[in-house]
Amino acid sequence: MMTGRLLKLLRWVNGLSIYGYFFFAFIYAPILLIVVFSFNANPVNMMIWEGFTFDWYRTIFGLSNKLTESALYIESSDQLYSAVKNSLLVALITTAVSTVFGTAVAVAVARFRFRLQGFYRALMFLPMIMPDIVLGIALLIFFVSLGVKLSLLTIIIGHCTFLTSYVFVVVSARIADMDESLEEASADLGADGWTTFRRVTLPMILPGVIGGALLAFIISMDDLVITYFIAGVDSTTLPVFIYGMLRRGIKPEINAIATIMLLFSIVIASIGLYLRARKK
Amino acid sequence: MNLFRSRGQRRRATLLGLLSVPTIFLAVFFLGPLTIMLVYSFLEPGLYGGVVWRFFDLNYGQILGWADTKYERFDPVYIRIFLHSVQLAAVTVILSLIVCYPAAFWVSRLPETQKNLFLFLITLPFFVSLIVRLFAWVLILRPTGFLNQALMGIGLIGEPLEIIYTDTAVIIAMVYVFIPFMFLPLYASVEKLDMSLIEASADLGATRFQTFRRIVLPMTLPGIVGGSIIVFIPSLGNFIVPSLLGGAKVVMIGNLIEQQFLSARNWPFGSALAMMVMAAILLLLLYYVRLASREAENAPAVKEAA
């Protein structure tokens, strides 16, 4: 009887692991499909394999002129480059600003007692529960009614408003398992608030700060909805650019762009994982 | 004494230094826009896209039923689109729950190193651009896409299935995109589940279904509810997924809002629609908070421990 139950349990576990592999196949198959078909030579139907080619990569890097139709479609690689440049610029500035803001608020809420603590917690929670589209249109109305021209600056401001919260959450989690007595000791030994923060608090929360910054960078690079509403005509970012391409029609170059973006994401994610592993 | 006071003052100065700039920034660029949007939803739309600064309740009237003038009329289509969006978001939540629940159990029972690998693999898609992941599904579901080619290749179907530009396509893509959101909270509560309780329940003669309903389900409920909320919110207001995979046929409330801003140029009406979405989400969260606090009252031991 004992073996019977054991067998049943084993069968159950087996079924579960088959399901588990299916689950991960479901997650990764679509992504792999893009990578594989980015090397497909068939220009008409991207899903029928016709041979191996680097043409689509050469097109997006402006190395190939023979595909006139496709070249026309991207119009020029310059547009793509400027979108990439805009995305990087926005993400870098946004990351810097929202990391400073988020960390400052997290330290203040965790380490000080003041009347508005609850208000700040709620304020940091709000962007998390708000659908992107709501914040996007609110910012659009705000900028337009103040007569501010939509540009990279408006995108950066928009991203900072919600990414501050993400940094806050990551850093707060880190502070929560930190020893408060070290800071007290520093203060007892006569260090002023700034010195204590710089010499004691900051080094201890640094992994959280880096984690928050990485998260902010990724989300800023990837944000489509909010950017879509507050990007000016000449300040397109990469996701908005690709969204525009997709709405006009599916062309094989998008596979190549998507594959490069994938590679980029995996590199960033691995850096994050490496940092987290080193922390332990 | 003197030392103490000066330390108190220094602490106050530090607090001010930490908070002042972020506070001003968020007050102006976060709370400001939300307030203006709220105000806009009560203003009269101008003839050529602007606004007239006069109190006007017919933006909501058009949606909810009391507008009946020459220009602004109640049209049940708005409520219908709203309810349809709620329905699509709910189906997305339920499907992603069904997909993730067994997987969370599987990962939680793996040996440590494998567990970490699979947890990394489930978080990785979060780092992969949303637009790239949606593009993959456009490629798969198109009439000339991967799925149809494969099914026709093995002779299962004679002509392409019409999957893209349907509710089904939108739901598949939303489930796919939000799987990590559902998986991680679920996993957190599944991992805490005490296996000995399940064994005890089986030893005491409970059927597998009874064990699930009485032990497993209640103990993983926080993860289920948390994941569901995190998936429901971005699903409800989504407009990227329906615009790429739903085409003109599947209109969600997000698409309606986008149209008001970028083509119809009726900003007050668009603001009113956005406020409806916010109201729905706040109601949901209030309900959740009430539920959670009632739960805490019912379990005094847990409350004491916390």
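Trainee: How many salt bridges does the rule find across the interface of chain B and chain A?

Mentor: Start with the rule: a salt bridge is a side-chain nitrogen of Lys or Arg within 4 Å of a carboxyl oxygen of Asp or Glu. Across the interface of chain B and chain A, that rule finds zero. Two notes before we go on. This is a predicted model, where local features need pLDDT of at least 70 and side-chain atom pairs count only at pLDDT 80 or more, while totals for chains, interfaces and linings use all residues. Residues are numbered from 1 along each chain as its sequence is written, chains are lettered from A and ligands numbered from 1 in the order in which they are written, and side-chain values use heavy atoms, with hydrogens and water left out.

Trainee: How many residue pairs between chain B and chain A are in polar contact?

Mentor: Nine residue pairs, both residues at pLDDT 80 or more. A polar contact is a pair of N or O atoms within 3.5 Å; within protein, one must be able to donate a hydrogen and the other to accept it, and residues adjacent in sequence count only if both atoms are side-chain atoms.

Trainee: What area is buried between chain B and chain A?

Mentor: The size of an interface is often given as the accessible area lost when the parts come together. Buried area is summed over both parts, using a 1.4 Å probe. Here, chain B and chain A bury about 7600 Å² between them. Carbon and sulfur atoms give 83% of that area. By contact (heavy atoms within 4.5 Å), 79 residues of chain B and 82 residues of chain A take part.

Trainee: Which helix gives the largest share of the side of chain B that touches chain A?

Mentor: Helix α1 of chain B, residues 2-40, with 22 residues. Helices here are DSSP runs (H or I, at least four residues), as strands are (E, at least two), numbered from the N terminus. By residue class, that side of chain B has 60 nonpolar, twelve polar and seven charged residues. Nonpolar covers Ala, Val, Leu, Ile, Met, Phe, Trp, Tyr, Cys and Pro; charged covers Asp, Glu, Lys and Arg; the others, Gly among them, are polar.

Trainee: How many helices and strands does chain A have?

Mentor: Twelve helices and zero strands. Of the 280 residues in chain A, 53% are buried. Buried means under 20% relative accessible area, exposed over 50%, and partly exposed in between (1.4 Å probe, protein chains only). Among contacts in chain A with a separation of 6 or more, 68% join residues 24 or more positions apart.

Trainee: How many salt bridges are found over all chains?

Mentor: Five, in a search of the whole structure. In one of them, A:Glu180 pairs with A:Arg111, with the closest N and O atoms 3.8 Å apart. A:Glu180 sits in the loop between α7 and α8 of chain A, 69 residues from A:Arg111. A:Arg111 also bridges to A:Glu183 at 2.7 Å, N to O. A:Arg111 lies in helix α4 and A:Glu183 in helix α8, so this pair ties together parts 72 residues apart in sequence.

Trainee: Is A:Arg111 buried or exposed?

Mentor: A:Arg111 is buried, at 12% relative accessible area. A:Glu183 is buried too, at 10%. A:Glu180 is partly exposed, at 36%.

Trainee: Which residues of chain B meet in a salt bridge at 2.9 Å?

Mentor: B:Glu191 and B:Lys115. B:Glu191 is in helix α7 of chain B and B:Lys115 in helix α4, 76 residues apart. B:Glu191 is partly exposed at 38%, whereas B:Lys115 is buried at 10%. Back in chain A, salt bridges with shared partners join A:Arg111, A:Glu180 and A:Glu183 into one network.

Technical notes: Buried area = accessible area lost by both parts, 1.4 Å probe.
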